[in-house]
Amino acid sequence: MDLTKFEALYKENFAFLSLVSFQITKDKEVSKDIVQEFFIYFWNKKEEINITTSFKSYGSRAVKNLSIQHLEKSKQIVSIEKNKLVPDSEEPVFFEKMEEGKISKVMKLLNQLPEARRNIFLAHVVDNNSYSEIAENENISINTVKTQMKRSYSFLREKMDTCILILTITLFR
């Protein structure tokens with residue numbers, strides 16, 4: 001794999017994998033660090049890794065495992081410090097002072113989604129419902145939920161900068 005292909009994989013999957021990690025860690029900075037670590041590992045081991053599924057599937061599984069490992073390590077640190085709270089990393093100024101124009105742009109884009117798709121997307125991203133919970137609540141199949149989520153992310157990625165998208169979506173949580 002050459003650097004150009006690697007960069008394309010990185011750009012195409014960084015935001016998605018950060019969201020995958022954020023679902024587990026609930027920490028924006030930690031999630032981004034975990035995804036960075038994954039890509040560094042992937043680059044260093046590219047000759048040895050044999051992916052039998054899609055890269056997105058492989059990356060999701062790897063990032064989930066890394067995120068869970070991070071949480072387990074964090075729990076060990078807490079118990080070692082006799083249950084003292086580990087201080088949360090400070091929120092970056094960028095998150096606190098995000099331009100309202102960018103947030104309103106995301107809201108306008110969300111409002112452009114068909115109502116059912118928007119409801120599914122918000123139920124997952126904002127309310128943190130699982131795909132199966134959404135399927136049960138909406139009386140639809142899990143595959144329909146997956147398809148609608150895929151279409152929502154695709155639409156949003158197409159319409160706005162990926163970095164702004166991930167930052168804004170994580171602000172909804």
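Colleague: What volume does the largest pocket have?
Modeller: About 530 Å³. Keep in mind that this is a predicted model.

Colleague: How do the lining residues divide into nonpolar, polar and charged?
Modeller: Seven are nonpolar, four polar and five charged.

Colleague: OK, switching to helix packing. How do the axes of α6 and α8 cross?
Modeller: At roughly 90°, and the axes come within 9 Å of each other. The helices are residues 115-125 for α6 and 142-159 for α8. With that angle, α6 counts as roughly perpendicular to α8, because anything from 65 to 115 degrees falls in that class.

Colleague: Which residues meet there?
Modeller: From α6 you have Arg-117, Ile-120, Phe-121, His-124 and Val-125. On the α8 side they meet Val-145, Gln-148, Met-149, Arg-151, Ser-152, Tyr-153 and Leu-156. That contact divides into seven nonpolar, three polar and two charged residues.

Colleague: Let me pick on Arg-117 in α6. Buried or exposed?
Modeller: Buried, because its relative accessibility is 18% and the cut-off is under 20%.

Colleague: What is Arg-117 in contact with, leaving aside neighbours within four places in sequence?
Modeller: Gln-148, Arg-151 and Ser-152.

Technical notes:
Residues numbered from 1 in each chain as written. Predicted model: local features only at pLDDT ≥ 70, side-chain atom pairs only at ≥ 80, totals over all residues. Heavy atoms only, no water. Axes fitted to C-alpha atoms, helices over the stretch in contact; angles between N-to-C directions. Helix = DSSP H or I, 4+ residues; strand = E, 2+ residues; numbered from the N terminus. Parallel < 35°, antiparallel > 145°, perpendicular 65-115°, else oblique. Contact = heavy atoms within 4.5 Å. Nonpolar A, V, L, I, M, F, W, Y, C, P; charged D, E, K, R; others polar. 1 Å grid on protein atoms, 1.4 Å probe; cavity = no way out; pocket = protein on both sides within 12 Å on 5 of 7 lines; lining within 4 Å. Points joined across faces, edges and corners; volume = space filled by probe spheres on them. Buried < 20%, exposed > 50% of the residue type's maximum accessible area, 1.4 Å probe, protein only.
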